[in-house]
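This report goes through one protein chain, from its overall make-up to a few single residues. Please keep the sequence and the 3D view at hand while reading.

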Amino acid sequence: MPLTNCVRCGLLFSRTNRPVCPECIRKEEENFERAVEWLRNNPRQTIQAMSEATGIEKGDILKWVREKRIVLADASDLLRCKKCGSPIAGGSFCDHCKLGLTQAVSETLKEMSHEQGLQPLTEKRGMHYRPFERGRGARA
Ligand SMILES: [Zn+2]
Ligand SMILES: [Zn+2]
């Protein structure tokens, strides 16, 4: 069984599909239940207030907010697109920037294939289409 260090407490444990040890997962779930319970009695609170009242680390609370497991009043102030800063419901980027990022990736891929001396896809497709169009024209 491969061993790995827990990213939270540093304990050596048998690797699972999570980077934290079972003990820390258990603690986090306990904290989470405590947070939900507290939120039930104190709706529309801030991360700061929850952290102070429950003793749970702000980072943990923010993670749950990002995972949409809990909803807090100041979540919209904390969750902002990493690129343009507009408020988002979850994740790291707004839909607009996510789209831009995807485009940037495909541009990079195009440049890479060009550098490697490969023909861009569009040129290849054009070469295939021309004889096909001519053949169809002759038949008609
Ligand atoms: Zn741990
Ligand atoms: Zn954005």
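## Terms and source

Helix axes in this report are lines fitted to C-alpha atoms, for helices over the stretch in contact, and angles run from 0 to 180 degrees between N-to-C directions. Angles under 35 degrees count as roughly parallel, over 145 as roughly antiparallel, 65 to 115 as roughly perpendicular and the rest as oblique.

The model is predicted: local features need pLDDT of at least 70, side-chain atom pairs count only at pLDDT 80 or more, and totals for chains, interfaces and linings use all residues. Residues are numbered from 1 along each chain as its sequence is written, while chains are lettered from A and ligands numbered from 1 in the order in which they are written.

## Overall make-up

The protein has six helices and two strands. Both kinds of element are DSSP runs numbered from the N terminus (helices: H or I, at least four residues; strands: E, at least two). Along the sequence their order is β-β-α-α-α-α-α-α.

The protein has 140 residues, and 9% of them count as buried. A residue is buried if 20 or more other C-beta atoms lie within 10 Å of its own, exposed if 12 or fewer, and partly exposed in between, with C-beta atoms placed from the backbone. Two residues are in contact if their C-beta atoms, placed in that way, lie within 7 Å. Among contacts with a separation of 6 or more, 21% join residues 24 or more positions apart.

## How helix 1 packs

Two packed helices are described by the angle between their axes and the distance between the axes. Helix 1 (residues 22–41) and helix 3 pack at an angle of about 75°, and their axes are 11 Å apart. The two helices are therefore roughly perpendicular to each other. Helix 1 brings Glu28, Asn31, Phe32 and Ala35 to this contact, and helix 3 brings Asp60, Ile61 and Trp64.

What is the crossing angle of helix 1 and helix 2? Their axes cross at roughly 115° and come within 11 Å. Helix 1 and helix 2 are therefore roughly perpendicular to each other. The contact is formed by Arg34, Ala35 and Trp38 from helix 1, together with Met50, Ala53 and Thr54 from helix 2.

Helix 3 covers residues 58–66, and its buried residues are Ile61, Trp64 and Val65. Seen down the helix axis, these buried residues fall within an arc of 105°, so they line one face of the helix; the arc is that of the directions from the helix axis to the C-beta atoms. An α-helix has 3.6 residues a turn, so residues three or four places apart point the same way.

The largest nonpolar core consists of eight residues: Ala35, Ile47, Met50, Ile56, Ile61, Trp64, Val65 and Leu72. Helix 2 (47–54) and helix 3 are the elements that give two or more residues to this core. Helix 3 supplies the largest share, three residues. A nonpolar core here is a set of buried Ala, Val, Leu, Ile, Met, Phe, Trp, Tyr and Cys residues joined through C-beta atoms within 7 Å.

Tryptophan 64 belongs to helix 3. Is it buried or exposed? Tryptophan 64 is buried, because 21 other C-beta atoms lie within 10 Å. Apart from neighbours within four places in sequence, tryptophan 64 is in contact with Phe32, Ala35, Arg69 and Ile70. Tryptophan 64 and phenylalanine 32 are 32 residues apart in sequence, and their C-alpha atoms are 8.2 Å apart in space.

Threonine 54, in helix 2, is partly exposed, with 17 other C-beta atoms within 10 Å. Not counting residues up to four places away in sequence, threonine 54 touches Arg34, Ala35 and Trp38. The C-alpha atoms of threonine 54 and arginine 34 are separated by 7.3 Å, although the two are 20 residues apart along the chain. Isoleucine 56, leaving aside neighbours within four places in sequence, is in contact with Asn31, Arg34, Ala35, Met50, Ser51 and Ile61.

## Loop residues with positive phi

Most residues other than glycine have a negative phi, and most peptide bonds are trans. Arginine 44 has a positive phi, near 55°, and lies in the loop between helix 1 and helix 2. With 10 C-beta neighbours inside 10 Å, arginine 44 counts as exposed.

Lysine 68 also has a positive phi, near 60°. Lysine 68 sits in the loop between helix 3 and helix 4 (75–78). With 11 C-beta neighbours inside 10 Å, lysine 68 counts as exposed.
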